[in-house]
Every structure is written in structure tokens, then in C-alpha cells.
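Hi,

Here is the structure for you to look over. My notes on its charged pairs and overall build follow below.

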Amino acid sequence: MGEIRAESVRNIALVSNVGAGKTSLTEALLYASGAIPILGSVLQGTTVSDFEPEELHHHCSASTSLLQFTWNQTAITLVDSPGALSLSGESLSALRAVDAVIIVLNPGAGVRTELARLWHRVRELDLPCLVFVNGLDKEGASFDAALDLCRTQLECAPIPMVLPARSGSGFDSVIDLLDDTLIRSGCSSPKVERAAVPPEMEQAVKHARKQLIEAVAERDEELLNRYLEQGDLSRDQLVEGLRSDILTRQFLPVYAGSALRNVGVWSLLNACVTLLPSPAERTAIHSVPGRHPETGQPCERKGSLEEPFSGLIFKTIIDPFVGRLSYCRVLSGTIHADSTVLNGTRHVREKLGHFYTVLGKKHVAVSSAQAGEIVPIGKLKDTQTGDTLCHESAPICYPGLELPRPVLSFAIEAKSKSEIDKVSLGLHKLIEEDPTLEFVRNPETKDMVLSGMGQLHIDLALEKLRRKFGAEVTLHTPKVPYRETIKATSQAQGKYKKQTGGHGQYGDCWLEIAPLARGKGFIFENRVVGGAIPRNFIPAVEKGVVEAMQEGGLSGFPVVDVRVTVYDGSFHAVDSSEMSFKIAGSMAFKKAMEAGHPVLLEPLMLVEIEAPTDTVGAVMGDINARRGRIVSVQANDHAEQIKALVPLAELLKYAPALNAMTGGRGSYAMEFARYEEMPRELAGKIIEEHKVERHAVAAH
């Protein structure tokens, strides 16, 4: 691996909607290249890239796979990441590690939310692209419809590089416009058969090839002059122009075929080598910006072998048997196994383990890696996904991965108390593998809360938890962290007097509590005059109030947004103590709360929903039904963005509801906005539920 020149490397991510056939295409590319002897099947669970038990069970990719092989003296790394929207963190991470992208389009499915979001990120990263239109063996599949999708939904000018010779059940060949040749292939052999263009297609091929040549010539003055002089361009001239245009994203070359039938794959495989850029070509245009980890000053790497080593960890795998593997994109220099490097993100030294090349679950050890290569590194102790590794003498830190926040949460409970530690340890390991998962212990509700990007994401995580760490859990809807406050000013006395023989205990204070504006929290004031309470006991009164605020009188939720003033009291020269005034302060606060018209507050979330235009009415109606208030609606490409304030209690099961309303094309994110008073009738139900729950706990 370390002996391969950077010019002979291609790092390519495959992205698509769910079900477009991305994993089947990777299988066909491996088969056509001779890397595997038999074409595997997703449905039969025999593909190279989907090998985890969870992937075999769900018949879909659940995590990023590396597929490294050679074609025409070029080392190709295909990065096959999941297509599901709830697993998009994997794909977004993978895009930081590659130099080009193949978009797999299913003309019948269109461009759904998951692909639209990935396409937006591809454009932000300025990654060169090819499109492969898959599934043309299916009845009704249309190559022209796919070209229209590119124009309308990807907003790019598509340039057909092949034409399907036929479609439907008899589909077995495409016409390669670069070679002006019919290419026939199938599942029985990775070899292809070349033939002349059929007479009935000569006109269509001539027209398509003319469009291709003119599109290339228009973007290069020298090629345009040659075309005007000669009326044609040679294959080499076309390839030269195409490489330049693809590198600068001038247009979108489109290939087509059937991954399941191994049709059209040979042309795409050639395009990976002849048209897509090497790491050296990419970094010649896009140097990699970073910062010095100590000074924060900007610095960069050009991506050459002569520069000091640096690399970005974009994926972590932790297996109880194999151990930890960190997928590293080497961005500059050369590095050898067992070297010591600096983690520029965490400012710690790291001893590298073995390096590998990977084909699915097959690992082969190698001794070194160099700029432009992707290499799994074994046994890193402190390095996490998104971290930068670099040479100690030339430190650099690259920007971390920009990943979406979780939107769906569940309270989880270990099936037995003996497994609590096992659950906690296992989930923290899974989060190292997948940073879009979150696991916290809510100090208020006492829940262990697992959050993810969607139901599939959570399900896969729990299946891995069971398989890898032997821990089983049950899921519950998480509790809502309500709050309590008051609506009126009130006063109350707290008097604590206890005689036990010898020194007794005596504390006496008068408190006034008044409501504050939402979000103002808690203010404590001392207005005692004349020494009614000695100064040294005032902090004890405040401490008693603060403790009493942790559990309000309505339902035991914390009290917020109140001003508490101690204004009078009395003391005993012998029996008064800090403890007695702390207890008195707590007693006075609880009495004053009862008289201050206490109410229940609920958390309000700011929700940003992206929904296709044809579903906006249904989504907005549903928001209103959930006691939400629409803040704004904004058109955004082929969808609309709705911002709304919605009570958290109404959003606990929102993800599946939104999927149902939008046919899986909608998505949302939310963040805490503020607390707001809960309607009286709903608050009454919550208060009663918590009374029953507390009585049950007390009885137990």
C-alpha cells in the first residue's frame, strides 16, 4: 500500500437513497474488477460490504465499509456508507475522507431527503461526481427520467456517458459514448463483450456523442478550436477535457446500467480511473486547511509526500474480539506502523498499531501508508472519530466532523440490575463508533436516555449492544422534565423548634416569594434589619430554600423563576444553629409556595422541520394539533422549512409521525427554547399521574 503512487489512487464514496442499489453496485464493481469470484446479493446476505449480523437482518447497510482493490494499475478505495436518513452521520463522515463521489440514482424513487442532504454536503465540499442510474432492467425504468432528476432536483447539467441499448427484462448492454462501442455483460462472467453500435441506434448515439463533445469543447478554448477545425475530438482529448471539467464540477457525467445484472458496470469502473481525480490532483486545487493546536494560528497541508505526516480519523470500529480500528485518511506525508504521533485534537501522544488494507471484513496487514490513502489503524487508545493525527514536530489540527444532532430519544432500562454497568459501558463504546448517538443519565428524572437519528438508528444500536456486549434493555418513552413556579407573591413563616435535653434547636424566619420572568431562575435577597436573624445564619436559610426548590409541592418537580426574600425572624442565643435555620428556611419556602398559586411549567422546543411542498399543509395542521405555534415558513429548493414552538411532551413520538406524513421525505431538528405555563387541564392530569406514581413508590 505504501508503494503505490498518489497519482494511482482513487478514494470514492457511494451515496444514494435507501433502496437505490448502492451496495449491489459496490458488489458489481468488485466482481467486474476481479476482486471477488462471485456476484453477491443483498437479499441473500452474501455481499462483501454488508457483513454485520444487523445488516444481514435488515437487508441494508448499517455502517461504513471499506472496499479496497485495484483496476488498471490503480488502487481504488470504495467507501460504502448507509443510505438511511437516520444513519446519515456515517455518510457525512465518509465524505470528509474521499476525493470523489458516485451518486446512485433510482429513477423511480427520485431524490429523497437523505440524498438531498448528502448532495448539499457534496457541493459544500466541492467533491467531483459521477452519477450511476441503476435498475434499468426493471420494467418502466427510464434513463431520460433520471436525467431530468439531475436537472431539476440536483440542479446540475447531466452529460450522458452511455446510452442503454435496451431496457426492461432484456437489458444486457450499454453503448459507451467515449469508445463508441456496445458493451455487453452479465452475471455469469466479469468479462465484457464489445460490439459495434446497432444500426437502429446509430442516430441516437451520434446525437448523444455530439452533445458530449460540444459540452467538453465549450469549456476549453483549445479543445473548441480543435473541434471547429476537425469536427470531432479524439478519445484522449475528450478524456482530458472531461477530467478537467469533472475536477472543477462543470457538469455531471451520467452512467447507467443494472448492478444486479452487472450491466454498465465496466464503463463506470473505467470512469473511476480515467475521469475521477487522484488525491494529488484534488489537493493541487484544494489544500487542506487547519490550525496549530496550541497557538490557534491557521496552517495547511498541500497533500504531498514531502510534507510532515497528518491524517483525519473519520470512522472508529470497536469489536470485543478484533479490538479498536480507526479509519484514517492520510492527508500528507508518509507514516509507518508502530510509529508514535501526536493527536492534535486532544494534545496527547499516540502509539500506532498495525495498518491494514480492507475488503469488507477481510483485513491484510501492511507496513505503511502515505498521502492520499485510507488506512485502518489498530489499537489507538485515546483517539476518537473526528480527531487529527500528525507528526510531533509539525502539529496541526483539522476541523472536526460536522454531524447532525439526535432527534429521537428513549428511556432505557437494563433487564436486570446486574447488567446496568454492562449497558453503560457498551453504549459508551457504541458512541465511540457512532458519534450521532447520545447517552445521558437525566439527574432530574433519573432516566438513562438514549438518543439517535431515528427508530432504525436506535434499533440497530440496541441490536449491537446485545450482540457485542451481551446487554439487553427495554425501551420507554422518556419522562418530560417539567418545572414548577408561582403566579402570586406570598409570605410564610418557617419555625423549627426542638428540645432534646441539653442544647435544643431553634430557627425562625419569615420569607416572601415572588414570581420572576421566565428563564430568570432564582434570586435570593436578605432584607432582615435590626439583627432579627444574625448574619451568619442567612446563608443557612438560603441553603434550606435551595434544597426545598429541588422538589416542588405540586408534583415534585424543581421550582424555578422565583425571588425569595428573607425579611424577619428570631433566634435563640443558645439553641440556634445553621442546621435549624436551614430547616426553617425549607419549611417557610414550602408554605409560601402553597399560598403563591403554584403552576406547572413545560419545556417548549424550537423545531425546524423540512418537508416537501406537497406535505406542508398536513405537517402544519399536525403541529397545531400538538399545541404548537408556527414561527415561520420558508421555501428552500424543493422543500419548505417550517419553524415552530412545540411542547416537548408532544414531540416524544414525532419522528414516526413525520415519516408517515411525508412518506419518509421529511426531517426535523429541535432545541430547547424556554419553559412555559402548561394549560390547567393538562397540568391536572400530570399532577395526578405523579401523585399515583409517588404513592406506588412509597408503598413499594
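Arg467 is partly exposed, at a relative accessible area of 33%. Glu54 is buried, at 3% relative accessibility. Keep in mind that this is a predicted model.

The two side chains form a salt bridge, with N and O 2.7 Å apart. Arg467 sits in helix α12 (residues 455-469) and Glu54 in helix α2 (residues 53-58), so this pair ties together parts that are 413 residues apart in sequence. Glu52 belongs here too: salt bridges with shared partners join Glu52, Glu54 and Arg467 into one network.

Next, Glu90 and Lys315. They also form a salt bridge, and their closest N and O atoms are 2.7 Å apart. Glu90 is in helix α3 (residues 88-95). Lys315 is in strand β14 (residues 310-319). The pair links distant parts of the chain, 225 residues apart. Are these two residues buried or exposed? Both Glu90 and Lys315 are buried.

Arg626 has a relative accessible area of 14%, and it counts as buried because the cut-off is under 20%. Asp622 is buried as well, with a value of 18%.

How many salt bridges does the model hold? The count comes to 34. In general, side chains of opposite charge can pair when their charged atoms come close.

On charge overall, the protein carries 74 positive and 87 negative side chains. The centres of these two sets are 6 Å apart.

Now the whole chain. The protein has 700 residues, and 55% of them are buried. Its secondary structure comprises 17 helices and 36 strands. The C-alpha trace spans about 110 × 60 × 50 Å along the principal axes.

Contacts reach across the sequence. Take those between residues at least 6 apart in sequence: 72% of them join residues at least 24 apart.

Last, the surface. The accessible surface comes to about 30700 Å². Carbon and sulfur atoms account for 51% of that area.

If you open the model, I would start with Arg467 and Glu54, the pair that bridges helix α12 and helix α2. Then go to Glu90 and Lys315, which join helix α3 to strand β14.

Best wishes

Technical notes
Residues are numbered from 1 along each chain as its sequence is written. This is a predicted model: local features need pLDDT of at least 70, side-chain atom pairs count only at pLDDT 80 or more; totals for chains, interfaces and linings use all residues. Side-chain values use heavy atoms; hydrogens and water are left out. A salt bridge is a side-chain nitrogen of Lys or Arg within 4 Å of a carboxyl oxygen of Asp or Glu. Helices (H or I, at least four residues) and strands (E, at least two) are DSSP runs, numbered from the N terminus. Buried means under 20% relative accessible area, exposed over 50%, partly exposed in between (1.4 Å probe, protein chains only). Contact means heavy atoms within 4.5 Å. Accessible areas come from the Shrake-Rupley method with a 1.4 Å probe; for residues, only the protein chains shown count as cover. Lys and Arg count as positive and Asp and Glu as negative; His and the chain ends are not counted. The place of a charge is taken as NZ of Lys, CZ of Arg, CG of Asp or CD of Glu.
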